[in-house]
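Reader: Could you take me through the aromatic rings in this one? I'd like a close look at a single part.

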Amino acid sequence: FKSSMRKGDVDVAALPTNLHCYVFQRSSGAAKELWTCATSGAPTAAATLGAARGGLRRLERELGRSPRGRALEARAAACAVRKALCVAHALCVAGAAVRAKIAALAFEGDAAAAVGAWRAHGVPVVFLALVSATGAELAMLEDAASAAAALEGVRVAFGAAAAYDAAARVLTLDVPAGDVDALGLGGARLDLRPFLFSQGLDAKQSLANSRNAVQESLTRLGRAVAPPADDAFEETDDAAAAPDAREIQNALNVAARDGLAAYAAAALEPRAAAKALKYLSKAVDKETASLDSKTFEKHWLVLVEAERAARALRGALCVFCKSGKDRTGMAVTLAAAMFVGEAATAPDDDEALMLDRANALREHGVRVRICEKNTGRKKYAFNVIQREFLPYPYRPPTATIEDLLSSTIHRDTS
């Protein structure tokens, strides 16, 4: 186990940070269902290799534009090392998520349709990135996006011991033989189909949004008072401008939404496919419209609806923030509370009740113990100011957070 306090330790650089499987059971009459996901710190090399020049996604693009020579070779080698670390993290997290989902399907039974879709179209693995699209966490997002994309084409097999064959790109999972036999997965090799959604939730994202809003207002004011430009000298090639961080986040969400929609169209009946992606599509479209209109806000419903879509498609779910404990804990307890409220025999739309359930899990469940396992303190690493910057469904009970001084002293800063 690599705790969040060891993110920067070179000797464990290839291991994922704070990796756990979170399992939640819902019983409704005789029916029992499991909600599962893998949680971890971001699949990134930022803590060991730095973030000043950006993450893997940016570095790989710059590499393609670099002139040939010894400098290019050095950059290529640096990118290769960074990618190896990031992909190692992502493989471990995705493998844990798939393993947990297989256990859930075997527990529930009635998995023939899901297994048939997996065999024909691959296993959908949905990543929810809760890191901010600003500062060092933007580099983490860029690392994670490239690492997740690199899982496309990896195949999952089942055996007595976990292993990865890099040449054949086969990830062997040590799933219990009883589960493999029960699901008819003996001898199967399943393609991984990764989809990454992103949304910054914390104070850094709020401050970045506020800064961008001020800059946009000043830009509009400048345009309003500036004299008309000479058409002969006006710059019109907007496509040549480098995208800002919000555009990167939205581009990832649009690509993941479109990819999941294509998967659903192939794996499900048309009506079921449309239903599975209906609200996710609306959430991503709203984010896109906000970007186009130059408004700045947190579109946290993208995360909520991406989790629902993953569940509807019987896919594996991976949730991460920088360390995999605080923001991640808020996201998975919210999802578990919603999972309870969506019981087929008693659908529940009571928002206050849902948040009460989430907060009970946050205060008395296993997630706060994971914080203790990492930092030695049974508290989430938010103070009262940071808590207020989180979207309201992601705010922990005040009894579970740090005071201002302790939140600084005991923060895992790497």
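Which residues do ring pairs link into a cluster?

Author: Ring pairs link W300, Y392 and Y394 into a cluster. A quick note before the details: this is a predicted model, where local features need pLDDT of at least 70, side-chain atom pairs count only at pLDDT 80 or more, and totals for chains, interfaces and linings use all residues. Residues are numbered from 1 along each chain as its sequence is written, and side-chain values use heavy atoms, with hydrogens and water left out.

A search of the whole structure turns up three aromatic pairs. Rings of Phe, Tyr and Trp (its six-membered ring) pair if their centres lie within 6.5 Å; planes under 30 degrees apart count as stacked, over 60 as edge-to-face and the rest as tilted. One of the pairs is Y22 with W35, edge-to-face at 5.9 Å centre to centre and 80° between the planes. Y22 is in strand 1 (residues 20-28) and W35 in strand 2 (residues 31-41), so this pair ties together parts 13 residues apart in sequence; strands here are DSSP runs of E, at least two residues, and helices are runs of H or I, at least four, numbered from the N terminus.

Now back to your cluster. W300 and Y394 have ring centres 6.0 Å apart and planes at 80°, so they are edge-to-face too. W300 sits in the loop between helix 9 (270-292) and helix 10 (301-312), and Y394 in the loop between helix 14 (384-389) and helix 15 (404-409), so the pair links distant parts of the chain, 94 residues apart. W300 is buried at 18% relative accessible area, and Y394 is buried at 2% (buried means under 20%, exposed over 50%, partly exposed in between, with a 1.4 Å probe and protein chains only).
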